[in-house]
Structure formats: C-alpha cells, structure tokens
Amino acid sequence: MSEPISALNGARFDGIARIAEAGLTGMITLRGDLASKPVKAAVAAVTGAKPPGQGQISFGKTGAAGWMSPDELMLFCPYAAAPALLAKAEAALGRAHALAVDVSDARAVFRVDGAAAREVMGKLFPIDFAPGAFEPGRLRRSRMGQIAAAVWMEQDGGFGVICFRSVAGYAFALLKEAATPGSAVGVY
Amino acid sequence: MLILHCPYCGVSAEETEFAPGGEAHIKRFGPGASDEEFRDYLFARENPKGVHFERWRHAYGCGKWFHAARCTVTLEVFGTYPAQTTEPPQAIRDAISAKRPGWSWREFE
C-alpha cells in the first residue's frame with residue numbers, strides 16, 4: 001500500500017510571511033439543514049465544535065467547522081481519523097436529509113503566519129483584511145488570483161487557506177510571490 | 001465595477017467574485033402557451049437605460065443564485081434579494097423609488 005501524501009508534501013517558504021503547505025488534513029464536507037439537530041450532532045461528533053455562524057469558523061477539540069454556504073459546512077479533523085469520524089457523522093445524521101463525504105484528498109491546505117500575513121492575504125484576495133474587518137474565527141470563500149479558495153483566520157492570528165488539490169501548485173506560487181522578501185507595503 | 005451584497009453569505013464583494021446570469025423575473029407561460037409567448041420567453045429581453053433587474057451567482061463564494069436591482073447608467077446597486085421570488089420585494093421597489101421616482105421595468109413599477 002502506498003503512503004498518502006499531500007499535494008505539495010509540506011512545501012515551505014519564508015518571506016515577509018511564512019507559507020507552509022499544511023500537509024495531510026482530514027476534511028469532511030457536510031451538507032444539510034444547518035439548524036437541524038442531526039447536522040449539529042454530526043458537527044459535534046467530528047470536531048467537538050459548535051456549528052459556526054454565517055461566515056465563521058468554529059474550533060473544537062478534534063477539529064474545526066467552517067461555514068461554506070447556507071447549507072454546507074467543511075469539517076476539519078486529523079487525516080488518519082477522517083474515515084472513523086465520517087462514520088460517526090453518518091451515524092449522527094441517521095435518516096436526516098443530509099450528506100457527509102470525506103474530501104481530504106481533494107483539497108490542499110496552506111498556513112500563512114507572521115507579522116505581514118494580513119498583507120500577503122490582502123494582495124491575493126478581493127477582501128478587506130484590515131484588523132477589525134477580518135478577525136480570528138472569520139471565514140470567507142472567495143478567489144485567490146484566478147482560483148476559488150477559502151480563507152479563515154486562526155485564533156493565533158495566522159491564516160488558513162484551502163483550494164482544490166489540482167491547483168495547489170498555482171496557489172503556492174501565488175503565496176510565495178506575495179510573500180517575496182522586501183515586498184512589504186505596510187498597509188495593515 | 002459593481003459591489004454586490006450576497007444575501008446568503010451576508011458579505012459585500014466585488015464583481016469578479018460573481019457570475020452574471022442575465023435578466024431576472026423571466027416568465028414562462030403555459031401549458032398551452034402561444035408561439036408569441038414562447039418566443040418572448042426565449043428571446044425578448046429588456047435593454048433599459050436605467051433601472052434593471054438581473055440574476056447573479058456568487059460563483060467564487062457560496063455558489064447560490066440571487067437577484068440584483070441596479071442602474072445600467074450609473075452602475076448603482078439598489079439592492080439584492082434571494083432568488084426564490086417571482087417579483088421584486090417591496091423593500092427593493094421602495095429603495096428604487098427613493099432614487100429613481102417614476103421608474104418602471106416590464107410590468108413592475
């Protein structure tokens with residue numbers, strides 16, 4: 001059996017911000033009525049977090065739950081535990097009209113840390129990343145350069161970015177370019 | 001550039017995050033529609049100078065369709081509202097009337 005590896009196998013870059021491909025991350029997409037009990041129970045079973053509000057990401061003991069649309073959540077969990085947690089989620093959903101699928105290998109996750117992280121994000125997304133406008137716990141689906149991507153802010157002030165695995169190389173190149181040493185503008 | 005408010009995400013985002021979907025509130029007649037009604041459903045479109053109603057999709061966001069009321073001359077957006085409606089809600093009509101008194105668009109005014 002071959003070992004699973006992430007899209008860029010943990011590639012890193014140090015510039016005005018630290019860019020790192022997060023490596024293997026468990027991801028479960030959950031669709032359904034977000035206000036219904038079975039869906040809330042499934043979120044708790046996978047992440048230990050409360051269901052996030054509109055445009056938010058909530059963090060729990062075993063993962064995080066990000067709000068993707070009015071009827072869709074992305075649940076983050078440890079990669080190895082994803083199949084077991086998916087089974088738990090499906091048990092929690094029961095016969096409810098909802099869908100949970102393991103999409104861990106379909107997406108790439110990046111971490112952006114450092115003092116200029118807001119600025120690096122601001123160069124790539126059409127989003128206001130000013131302090132006060134974008135704070136920890138906020139999640140936005142948008143576009144990064146020419147690709148669809150979602151960005152959120154962790155409790156420690158770092159950013160997480162996910163995009164489709166097939167465009168991981170492009171996403172990393174964009175982030176590297178935006179974090180080129182000496183390219184700080186000093187907006188935020 | 002347009003800045004549209006997605007009624008599902010609750011965010012105001014710029015035009016490149018959205019995909020245009022043509023005219024809103026197109027009505028299909030039937031069953032038993034006449035050839036003229038079916039022709040108009042397929043091909044007859046408004047081309048107004050001023051108030052216009054359009055469908056947009058938050059393609060890079062939640063992926064949902066919604067409606068937008070805007071002015072084709074100034075690109076001013078009067079408001080956006082969910083797609084699950086067959087005519088502009090009263091709040092949107094009032095917002096347009098406040099800025100463009102006497103406006104009309106198809107059968108709406």
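**Surface, fold and selected residues of chains A and B**

The accessible surface of chain A comes to about 8600 Å², and carbon and sulfur atoms hold 55% of that area; accessible areas were computed by the Shrake-Rupley method with a 1.4 Å probe, and for residues only the protein chains shown count as cover. The model is predicted, so that local features need pLDDT of at least 70 and side-chain atom pairs count only at pLDDT 80 or more, whereas totals for chains, interfaces and linings use all residues. Residues are numbered from 1 along each chain as its sequence is written, chains are lettered from A and ligands numbered from 1 in the order in which they are written, and side-chain values use heavy atoms, with hydrogens and water left out.

Chain A contains four helices and eleven strands, where helices (H or I, at least four residues) and strands (E, at least two) are DSSP runs numbered from the N terminus. The C-alpha atoms of this chain fill a box of roughly 55 × 45 × 30 Å along the principal axes. The radius of gyration of chain A is 16 Å, which agrees with the value near 16 Å that a compact globule of 188 residues would have; the radius is taken over C-alpha atoms, and the globule rule is 2.2 Å times the number of residues to the power 0.38. Of the 188 residues, 49% count as buried, a class defined by a relative accessible area under 20%, with exposed meaning over 50% and partly exposed in between (1.4 Å probe, protein chains only). Among contacts (heavy atoms within 4.5 Å) between residues of chain A at least 6 apart in sequence, 62% join residues at least 24 apart.

Chain B has two helices and six strands, which follow the pattern β-β-β-α-β-β-β-α along the sequence. The radius of gyration of chain B is 14 Å, close to the 13 Å given by the globule rule for 109 residues, so this chain is as compact as a globular protein of that length. Its C-alpha atoms fill a box of roughly 40 × 35 × 20 Å along the principal axes, and 38% of the 109 residues of chain B count as buried. The accessible surface of chain B comes to about 6200 Å², of which 50% belongs to carbon and sulfur atoms.

Within chain A, R140(A) lies in strand β9 (residues 139-144) and is buried, with a relative accessible area of 7%. The side chain of R140(A) makes a polar contact of 2.6 Å with the side chain of E17(B); such a contact is a pair of N or O atoms within 3.5 Å, of which, within protein, one must be able to donate a hydrogen and the other to accept it, and residues adjacent in sequence count only if both atoms are side-chain atoms. Residues up to four places away in sequence being left aside, R140(A) also touches V11(B) and A13(B), and its partners in chain A include F134(A) and V151(A).

V151(A) is placed in strand β10 (residues 147-153) and is buried at a relative accessible area of 0%. Beyond its neighbours within four places in sequence, V151(A) is in contact with residues including M121(A), F125(A), I127(A) and F159(A). The C-alpha atoms of V151(A) and I127(A), 24 residues apart along the chain, are separated by 9.9 Å. E90(A), in helix α2 (residues 82-93), counts as partly exposed at 43% relative accessibility.
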